[in-house]
Amino acid sequence: MTNYLDRLAAFVHGARLDALPASTVAASKLVLIDTIGAIVAGSALPENARLARIAAQRARHGLCTLVGHPMKADSLLTTFTNATAGVALEMDEGNRLGGGHPAIHVIPGALALAEEMGAGGGRLLEAVIAGYEIGSRLGGATVVRPNVHSHGTLGTISTAAAAARLHELPAGEIRHVINLSASMSPANSWTPALEGATIRNAYPGRSGLEGLLAVDLHRAGFTALEDAPSDVYGTILADSFDPAEAVRGLGESFRIEENYFKLHACCRMNHPALDAIMAIRAEHRFTGDDVAAVYVTSVPFGLRMTETAPATMLGAKFSIPYAVAAALVLGRTDTAAFDERALEDPRVRRMAKRVEIAADGEMALKRADYPTAHVRIALNDGRVLSRSTGVVRGDAVNPVPTGEVTDKFLSLASGPLGERRAREVVDAVEAMDALKDIRDLTALLVPA
């Protein structure tokens, strides 16, 4: 069924603002500002600042902004650096219908290439919408193997599709680029994330770089398989791949409107339990000292996220006991709840050891018709407080106001950029479809 690739390529080729619903364009702007916020905040981490300096040294005549730093590099290294920064704090959006975190696998490459080309804001939005759709749809058609991490795995195709749209390639050539990029897909595992090794943050950076490179290989005359996604996902990275699912309903709705925004600074697998805990805290008065035990039942993968004493920030973000403990003791789940100071808090450490994790085989983050977590908090006074979560807050079917997403951006970006400049970024993205040169936006993505 290789015609599914023809349909996907035709979608990318036809992604034009004047033919897209206004709601889709509005959604792309919100996803763009949210992703920029994650990149800006992550750029301030020491290893990402050092990576930016290395990128700038390697590409001294580059035209692309290393977000958060007064330096530039070429589009390949800028994509790698910005995408790596964008996942470091676990604040990048995602899509429960497929593709893991599509935006961080599209926006860094599309933004860097658009800046290198001097493209307008409208063309950037078209590329983002197209790349997001392809990555999410192919992700939804794929049942990845249990230890395959979604980061990077589908990102090469996502970035390549966006780059092909920016270059305004015809549909036949876009199909060729998709096939080239599929054969370049990295195989990434969950193990570094669970053990807190920050090499995991490079997953989307690597796939984004290779996505841009796929277009270069196409121009150089490299040949591709007739159906590379079926080869890579059907035989290596996944237990199954269904091409028909990739195009089911294509053009009837747009995945970028069906995303979720992260409101907790940690792995998505934590969010159902955290939503329940924060709701319980809002309804009942108690402190961490009042808690005898916490019982969390959630998705089966949660049984791999049971480390009670994570040694690193990243490891803490992939620990349900730690995230639950921070929510109960500190009353927060933002980036500060996972920093070194919080990690060393003995109250949080003690609480994490009182959290028990169980799994319900029917629970799945994709489902909207069944709970995704159930939490019981046993208090020392004998009370037991309980709450279930369905689809978490921030998802398209359980949305938050646009202003809450904008406030999230300002909370992440105001420190590195300054509050005034962060607000200028918000204004620039809101007017993105009228922006004649994307460099008017990227000039704002460095400290004032």
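**Entry: the model**

I am working from a predicted model.

**Entry: helices α2 and α6**

I looked up how α2 and α6 pack. Helix α2 covers residues 22–43, and helix α6 covers residues 121–140. Their axes are 10 Å apart and meet at an angle of about 90°. That makes the two helices roughly perpendicular, because angles of 65 to 115 degrees fall in that class.

Next I listed the residues in the contact. From α2 come Thr24, Val25, Ser28, Lys29, Val31 and Leu32. From α6 come Leu124, Leu125, Ile129 and Tyr132. I sorted the contact by class: seven residues are nonpolar, two are polar and one is charged.

**Entry: aromatic pairs**

How many aromatic pairs does a search of the whole structure find? I noted six.

I looked up the pair of Trp190 and Phe301. Their centres are 4.5 Å apart, with 50° between the planes. The pair is tilted. Where do Trp190 and Phe301 lie? Trp190 is in the loop between α8 (171–182) and α9 (191–195). Phe301 is in the loop between β5 (291–298) and α14 (313–317). The pair therefore ties together parts that are 111 residues apart in sequence. I also checked burial, and both Trp190 and Phe301 are buried.

Then I turned to Tyr233 and Phe241. Their ring centres are 6.1 Å apart and their planes are at 40°, so this pair is tilted. Tyr233 and Phe241 are both buried.

**Entry: a charge over a ring**

I looked up Arg268 and Tyr260. The charged end of Arg268 sits over the ring of Tyr260. The distance to the ring centre is 3.5 Å.

**Entry: positive phi**

I looked up phi for two glutamates. For Glu90, phi is near 60°, a positive value in a residue other than glycine. Glu90 is in the loop between α4 (75–87) and α5 (107–117). Is Glu90 buried or exposed? Its relative accessibility is 2%, so Glu90 counts as buried.

For Glu168, phi is near 55°, and this too is a positive value in a residue other than glycine. I placed Glu168 in the loop between α7 (155–166) and α8. Glu168 has a relative accessible area of 45%, so I logged this residue as partly exposed.

Definitions and conventions: Residues are numbered from 1 along each chain as its sequence is written. This is a predicted model: local features need pLDDT of at least 70, side-chain atom pairs count only at pLDDT 80 or more; totals for chains, interfaces and linings use all residues. Side-chain values use heavy atoms; hydrogens and water are left out. Axes are lines fitted to C-alpha atoms, for helices over the stretch in contact, and angles run from 0 to 180 degrees between N-to-C directions. Helices (H or I, at least four residues) and strands (E, at least two) are DSSP runs, numbered from the N terminus. Angles under 35 degrees count as roughly parallel, over 145 as roughly antiparallel, 65 to 115 as roughly perpendicular and the rest as oblique. Contact means heavy atoms within 4.5 Å. Ala, Val, Leu, Ile, Met, Phe, Trp, Tyr, Cys and Pro count as nonpolar, Asp, Glu, Lys and Arg as charged, and the others, Gly among them, as polar. Rings of Phe, Tyr and Trp (its six-membered ring) pair if their centres lie within 6.5 Å; planes under 30 degrees apart count as stacked, over 60 as edge-to-face and the rest as tilted. Buried means under 20% relative accessible area, exposed over 50%, partly exposed in between (1.4 Å probe, protein chains only). A charge sits over a ring if NZ of Lys or CZ of Arg is within 6 Å of the ring centre and within 35 degrees of the ring normal.
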